[in-house]
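I opened this entry to keep track of what I looked up, one topic at a time.

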Amino acid sequence: MSRISVTVDGTTYEDDVEPRLLLVHYLRDRLGLTGTPVGCDTGNCGACTVDVSGASVKSCSMLAVQADGAEVTTIQGLAADGRWHPLQRAFHEEHGLQCGYCTPGMILAARDLLRANPHPTAEEVRHGLEGNLCRCTGYQNIVRAVLAAADAGAGTGADSGADTGGEAAI
Amino acid sequence: MTTAERPAPAVGRSHPRKEDARLVTGRTSWTDNLTLPGMLHMAVLRSPMAHARIDRLDLTAVRERPGVVAAFGAADLDGELGSLPCAWPVTEDIVHPDHPPLAADEVRHAGDPVAVVVARDRYAAADALEAVEVDYTPLPPVLDMEAALADGAPLVHAAEGTNRCFDWPLASGDYAAARARADVVVTRRYVQQRLIPNAMEPRAVLAAPAATGADEYTLYSATQIPHILRLMLAVVTGIPEQKIRVIAPDVGGGFGSKLQVYAEEALALVVAKRLGRPVKWTESRSEGYLATHHGRDQIQDVEVAATGDGRLLGMKVDLLADMGAYLMLVTPGIPILGAFMYPGIYKMDAYAFHCTGVFTTKTPTDAYRGAGRPEATYAVERVMDELAAELGLDPVELRRRNWIGHGEFPYTSVAGLTYDSGNYEAATDKALAHFGYDALRAEQRERHERGDTVRLGVGVSTYTEMCGLAPSRVLRDLRYAAGGWEAASIRMLPTGKVEVITGTSPHGQGHATTWSQIAADVLGVPVEDVDVLHGDTRVAPQGMDTYGSRSLVVGGVAVHEAAVKVVGKARRVAAHLMEASEEDLEFTAGTFAVRGSPEAAKTIQEVAFATFTGHDLPDGMEPTINAGHVVEPDNFSYPHGTHLCAVEVDTETGAVRIRSYVAVDDVGKVVNPLIVEGQVHGGLAQGIAQALYEEAVYDDDGNLVSGTLADYHVPAAPDLPDFVTDRTETPATSNPLGVKGVGEAGTIASTPAVVGAVVDALRPLGVTDVRMPCTPERVWQAIQEARARKGDPA
Amino acid sequence: MIPAAFDYVRPESVGEAVGALAGAEAAGSEAKVLAGGQSLLPLLRMRLAFPDLVVDVGRIPGLRGVRDDGDALLIGAMTTHHEVVADPLVRRHAGLLAAATATVADPAVRHLGTLGGSLAHADPAADLPAVALALDAELTAVGPRGRRTVPAREFFTDYLTTALEPGELLTGIRVPKYDGWGFRYEKFSRTAQAWALVGVAAAVRCAGGRIAEARIGLTSMGPTPVRAAAVEAALAGAQAAEEPVAEAASAAAEGTRPAADLSGSAAYRAHLARVLTRRAVLAAAGPA
């Protein structure tokens, strides 16, 4: 067992975890934060994408112990004061989801994309989301939603989050 | 109330979805999210081999592991589990072997379940699988359909004495005579590769005994078919049907893969019963690749006979369909659904179809988006391209010469279907205009003359399909064990709010929104006042569930008809309250008014409350305006459309890039354009994926080598183009809403358009076909072979 | 799927990490270095790897970042792909590395995956080993017997196998500056998510319309990344034009041993290597 301290969606948790525990299972099974789903076992689908200290990661491809000390944002922590994030709104308005299983990961990946590139082209959106699979929408309305959110200032707003940091010298 | 005040109808409006709020905020209830007190986790030990005898299964060690509560092999559950069902034995003499949820003596495909372990958490359950001891004696795998039918072939089910599951013929007219009369006969073989459906939510099931200890069970499952599942689980487990409640909570896509009664559903139920505790099982993606049914996998020998000016005389189809190792819920019926679609939208006098179902030692096949119809549409559209090339005709022109004219509906096709309506001319003209057909053809010629290494190709698909999977009598004639009806009921609550209870079971399609729109218009209430309840056999007790693009054309129509009944009852109450005769009442935008004196009015909400109190109702009237309706359609519905695809093919590498894609679909009346467009997009993505990317590949030992999402190429956003979508609207005449269904159209139409475009690009080089998926290597190989045939230097 | 159990340590220094690795080696148990984990985690989850001990080197100070070292760049092994792509020094002096790294997997993977992790994993289908090879990078490893430097040419010894000794940790990568060189990473995959069927990493120095020098590394053309030595030799002094480059590129598959697998046959890979090498060299030699 390893002792970890992780802040998830604004709440700090301290837990003893098995080293092999995947971050996504820590979120789902230990914290009960089931908004982040699991879609594959190879890191391809991206359904489990969350934000770890300012960068999107696939929470199925990270151990909970690796997140020790980190700040994790999940889909459940995106809305502020009951107000949806512009991406949440845009996915709804542009019909960027059908079954919704990929949606948490898509939104977190799109948030990361817009942080780095607040006004992407459609092509850049497609490439920025290449780590996230959707089986329902054919991606067209997802792209439309991300572009709409960009127009609404999602990449430049207060939510855009911290930069990735990590500029340590050798 | 004047017409100016009448609110715009909800039907036809792009109403954003009611479903979205929980989905975009992560407040979801996927089955794997659910946790119950005392819940245990089940893991399934699966065969690592395609075909083997089980010599020994020893669960002693695994039962002693920490955290393990129980472990079961087939023998441990003997008598508690029957064979998994097949509801579509397509012929009387079909070979229908048992399909035990746990293999007892023999495993017949990689992934066949052998044992289950139940542990306190998912990690302990996964670990426990490593401690199960099994000895296998390998048996020969059966992988190739044609080899499987040869004399002396190894058998998947030795006791049956054959790998031939069934033979199913359909004949109409005299094909031999048509062929003899023809100026040209085109014969082709097409291979529908095996596909893996890949709903984003892996399957999961949670079975829970009643907390009271009563012999009653609730089963949550990521299923498309809670109602059918309940019935079938009762049959498989012997638990009385009324003691089983099935709930499909949030379900993350299905595409046919969750139209099934799976071993794990029966196992979780029986194990939960045995242990008296809730038991959950969730598949991993790669486990699902073995355990969740596959789609397609057919070999099509297709022949068309035509006159020299391109009039079709007849068509002949010989089909081999891979069943996989067992017959699952509708496995044998999939190619039979396709049997009716091979003639497509074309007129001809003779049609000869024959399908042979074949057992192999692979994961069973079953419904995957389109289910038989994409295969048929692919074959006819591709062979039409080949006929056009043979005759030197433009492929669109050839289609025009053969399709059913707008004035000819209703039209009974050579396969015996009566198409109620259609306008192929309008859809095609619209598609051609969007596409810029002539300019692309000019560019294509120019590139060819220039000897450009990047060639342009244009593909066309003028498709139709059949939706609704009803009427029930027709299903009887096809030996399908269930009906094609659908149920809905509507409750007007005392406050005037509305609950729609539907027998459909959405998993991404947006029924809550669409059904609300339908009910709101009929009842004259705001869409926001309508809630839709579904997916729980206790809440929506009657239903036939969601598959085959049937939900709107049957279930949506049921909602409409139930709402009409509610208004009819409310009218009686309103007339009584206003002391008017029913005939004198007008019902507009939710208000009953006496014709000619609009000041006397009662809203439907007022009527609902009056009915609740029951203080002043017509004599003898039941105090309710609630109503239910079960729709039994009298025909299938027939969406159609024209899809055009332009591709660029890099002849040096074989890489294919879709340059533009136009889809003009006619799905009849549209309730919610936003949702319809989304369905088309998603359908296109899956059809294009079959054309270019996806294939389930087995090696010579019968191992699934495309066994993970890293090896099975589901397209991501950069792999797909922006689609241009548009519609024509020719209402179906077979239902009061004029709707046709849209769930599968994109998938059915797009595959031949894309492959047709690839072949069209390379036809000047001598290429006449590229096998799907058209991977760069296959395209490159086809070019090399064509060059070799022509004696050109490589 | 779910990893099998393992022990875990998160050393604070290179010395501590090497001690943990050496300790495991001495005890006859298997240790795996966790250097971001974007290859390791899937292997653990699919239970294709069963280490007894995972040594997480992700937080060792000094292993992350890029430093100017005169005629070369020193890149810490734990520098993430994301950081490599964004780093101004890398973009200025080793553009090929930045360009190729930008094609690794997807943004989320690039946030956690590291240059050192990718090189030490030594998957011949991965993009960065061929780049390191093309750029004549040198890899620094620290082990129980101290520090040593291994040229990329000697580092990749077989499929998923490197010259790292048991107990050794890859700490940094020294990439010579390629100022004034043109570059191109030509990656060919079936889908956006698929591994490279073939990748060609080309760096070219031109002078007076001719190619003075070329360095070409090939992805997925054998059990290890390989240099297209025959092409490099044929290009030296050649005109930077379609025909001579195509002629030189026709030797791209010489001496390679491409695998035949689900993604492609050996013959097709060889063909792709020729086509893509021509394209990569022309692009690298073209106007910047």
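**Contacts across the interface**

I began with polar contacts: across the interface of chain A and chain B, 28 residue pairs are in polar contact, both residues at pLDDT 80 or more. I note that the model is predicted.

I then asked which elements of chain A face chain B. Helix 1, helix 2 (86–93), helix 3, helix 4 (122–128) and helix 5 (140–151) of chain A each give two or more residues to the side that touches chain B. Helix 2 of chain A gives the most, with four residues.

I counted salt bridges next and found six between chain A and chain B. I also looked up the pair A:Arg126 and B:Asp722, whose side chains meet in a salt bridge at 3.0 Å, N to O.

**Extent of the interface**

I looked up how many residues take part: 46 from chain A and 55 from chain B. The size of an interface is often given as the accessible area lost when the parts come together. For chain A and chain B I have about 4,300 Å² buried between them, with 55% of it on carbon and sulfur atoms. A:Tyr101, A:Arg135 and A:Gln140 supply 19% of the area that chain A buries against chain B, more than any other three residues.

**One residue of chain B**

Is B:Thr28 buried or exposed? I find a relative accessibility of 10%, so B:Thr28 counts as buried, the cut-off being under 20%. I located B:Thr28 in the loop between helix 1 (20–25) and strand 1 (40–46) of chain B. Its side chain makes a polar contact of 3.2 Å with the side chain of B:Trp30. Setting aside neighbours within four places in sequence, I list the contacts of B:Thr28 as A:Thr34 and A:Gly35 in chain A, and B:Arg22, B:Leu23, B:Asn33 and B:Asp250 in chain B.

**The sheet of chain A**

I turned to the sheet of chain A, which is open, has five strands in the order 2-1-5-3-4 and shows mixed pairing. Strand 2 (11–17) and strand 4 (55–58) stand at the edges with a single partner strand each, so one side of each has no neighbour in the sheet. On average, neighbouring strands are turned by 40° against each other, direction ignored.

I checked one pairing: strand 3 (residues 49–52) and strand 4 of chain A run antiparallel and are joined by four bridges. A:Val50 has A:Val57 in strand 4 as its bridge partner. Helix 3 (residues 103–116) of chain A packs on the sheet and touches strand 3, strand 4 and strand 5. The direction of helix 3 makes about 45° with that of strand 3.

Last, I traced helix 1 (residues 23–30) of chain A, which lies across strand 1 (2–8), strand 2, strand 3 and strand 5 (71–73) and runs at about 105° to strand 2.

Technical notes: Residues numbered from 1 in each chain as written. Chains lettered and ligands numbered in written order. Predicted model: local features only at pLDDT ≥ 70, side-chain atom pairs only at ≥ 80, totals over all residues. Heavy atoms only, no water. Pairing = 2+ DSSP bridges. Axes fitted to C-alpha atoms, helices over the stretch in contact; angles between N-to-C directions. Contact = heavy atoms within 4.5 Å. Buried < 20%, exposed > 50% of the residue type's maximum accessible area, 1.4 Å probe, protein only. Polar contact = N/O pair within 3.5 Å; in protein donor to acceptor, adjacent residues only side chain to side chain. Buried area = accessible area lost by both parts, 1.4 Å probe. Salt bridge = Lys/Arg side-chain N within 4 Å of Asp/Glu carboxyl O.
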